[in-house]
Amino acid sequence: MNVKKIPSWVQRPDPMSDSLLSIDPPLILNSDEHFMREALRMARKAARLDEVPIGAVIVHQGRVIARAWNQVETLKDATAHAEMLALTQAESALEDWRLADCDLYVTKEPCPMCAGAIVHCRVRRVIYGCPDVKGGAAGGFWNLLQAPNLNHRCEITPGVLGDECVGILKEFFAEARRRKAEGLPHKKGAAIDATSNTPSFDGP
Ligand SMILES: [Zn+2]
């Protein structure tokens, strides 16, 4: 018989239990990690393409409707951050600019540009991996996602798989420094200037 494999992150209720309440917390936590792993997969794709490795996915009713990685260098477009590209994909998928029932997972805390777009699209929740204390706009430096004067505020969940998310960025910039020290041509994404999405904690 062909039995459909249940993903490991899905916590099934214990049929012997008379209460479902006890399974809720692990289900929520594991779901966040599951979708962040998908965002990390996008970040690794960016790294392979010499882009600063940041990835994002958008989830609607438990289903991924958008996946994107940072493509600033590939598209020669300073606005082509992973979140911006994912928002556009999600709007197309739902044929609506309102993403009110959507959650956005991104490996690094969003910058002010992305945070502004996220608020415009009315994203319900933003889940990020590593913080950006100098340039982050989800509470790291500013908190545009919850600005009281704007007409929408997002829930924020920080630090999901934070070590893995920061690790991939550190590795990228460490390699960029090695190449520079050896006189090799720099990676495209590692040459970006302070106005783009260079992570503030460990830049080139
Ligand atoms: Zn951004």
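A nonpolar core is taken here as a set of buried Ala, Val, Leu, Ile, Met, Phe, Trp, Tyr and Cys residues joined through C-beta atoms within 7 Å, where a residue is buried if 20 or more other C-beta atoms, placed from the backbone, lie within 10 Å of its own. The structure is a predicted model, in which local features need pLDDT of at least 70 and side-chain atom pairs count only at pLDDT 80 or more, while totals for chains, interfaces and linings use all residues. Residues are numbered from 1 along each chain as its sequence is written.

The largest nonpolar core comprises 54 residues, and those with the most contacts inside it are Ala39, Ala56, Val57, Ala86, Leu104, Tyr105 and Ile118. At least two residues of this core come from each of several elements, including α1 (24-48), β1 (55-60), β3 (102-108) and α5 (162-181), helices (H or I, at least four residues) and strands (E, at least two) being DSSP runs numbered from the N terminus. The greatest contribution, eight residues, is that of α1. Apart from its neighbours within four places in sequence, Ala39 is in contact (C-beta atoms, placed from the backbone, within 7 Å) with Gly55, Ala56, Val57, Tyr105, Val106 and Thr107.

Five strands form an open sheet of mixed pairing, in the order β2-β1-β3-β4-β5, with two strands counted as paired if DSSP finds at least two bridges between them. Because β2 and β5 (155-157) stand at the edges with a single partner strand each, one side of each is left without a neighbour in the sheet. Between β1 and β3 the pairing is antiparallel and extends over five bridges, and Val57 stands opposite Tyr105 in β3.

Methods: Buried ≥ 20, exposed ≤ 12 C-beta atoms within 10 Å, placed from the backbone. Contact = placed C-beta atoms within 7 Å.
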